[in-house]
Amino acid sequence: MKKSLILLIVMSMCGLSSCATRIRTTTPKRVVTVQKRPVNYTLVKVNGKRYYRWNGKNYTKTKRGYVLVKV
């Protein structure tokens with residue numbers, strides 16, 4: 001009786017006090033990256049930030065290239 005009570009307490013302590021935490025990762029939306037900007041781009045400044053515009057879309061410069069942004 002005493003051994004089964006101790007076993008029950010130990011099992012409940014292990015089950016109730018878990019160290020694991022749930023990590024929720026979100027998948028990023030589709031990112032369009034352009035390595036080289038075309039010759040016919042236009043430089044646009046919005047609130048002091050530089051954006052490159054071509055084909056009616058705005059891009060910003062990053063380490064990996066030019067990324068499509070919504071302004």
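1. First, a term: a residue is called buried when its relative accessible area is under 20%. Keep in mind that this is a predicted model. By that cut-off, Y52 and Y66 are both buried.

2. Now the rings. The model has four aromatic pairs. One of them is Y52 with Y66, an edge-to-face pair with centres 5.3 Å apart and 85° between the planes. Y52 sits in strand β3 (residues 49-54) and Y66 in strand β5 (residues 66-69), so this pair ties together parts 14 residues apart in sequence.

3. Y66 also pairs edge-to-face with W54, at 6.1 Å centre to centre and 75° between the planes. Here too distant parts of the chain are linked, since W54 belongs to strand β3 and Y66 to strand β5, twelve residues away. W54 has 7% relative accessibility, so it counts as buried; for Y66 the value is 7%.

4. Stepping back, these rings belong to one aromatic cluster, made up of Y41, Y52, W54, Y59 and Y66.

5. Have a look at N58 as well, in strand β4 (residues 57-61). With a relative accessibility of 14%, N58 counts as buried. Its side chain makes a polar contact of 3.0 Å with the side chain of R53. Beyond its neighbours within four places in sequence, N58 touches Y52, R53, V67, L68, V69 and V71.

6. L8 is part of helix α1 (residues 2-16), and its relative accessible area of 56% makes it exposed.

Key
Residues numbered from 1 in each chain as written. Predicted model: local features only at pLDDT ≥ 70, side-chain atom pairs only at ≥ 80, totals over all residues. Heavy atoms only, no water. Helix = DSSP H or I, 4+ residues; strand = E, 2+ residues; numbered from the N terminus. Buried < 20%, exposed > 50% of the residue type's maximum accessible area, 1.4 Å probe, protein only. Polar contact = N/O pair within 3.5 Å; in protein donor to acceptor, adjacent residues only side chain to side chain. Contact = heavy atoms within 4.5 Å. Phe/Tyr/Trp six-rings, centres within 6.5 Å; stacked < 30°, edge-to-face > 60°.
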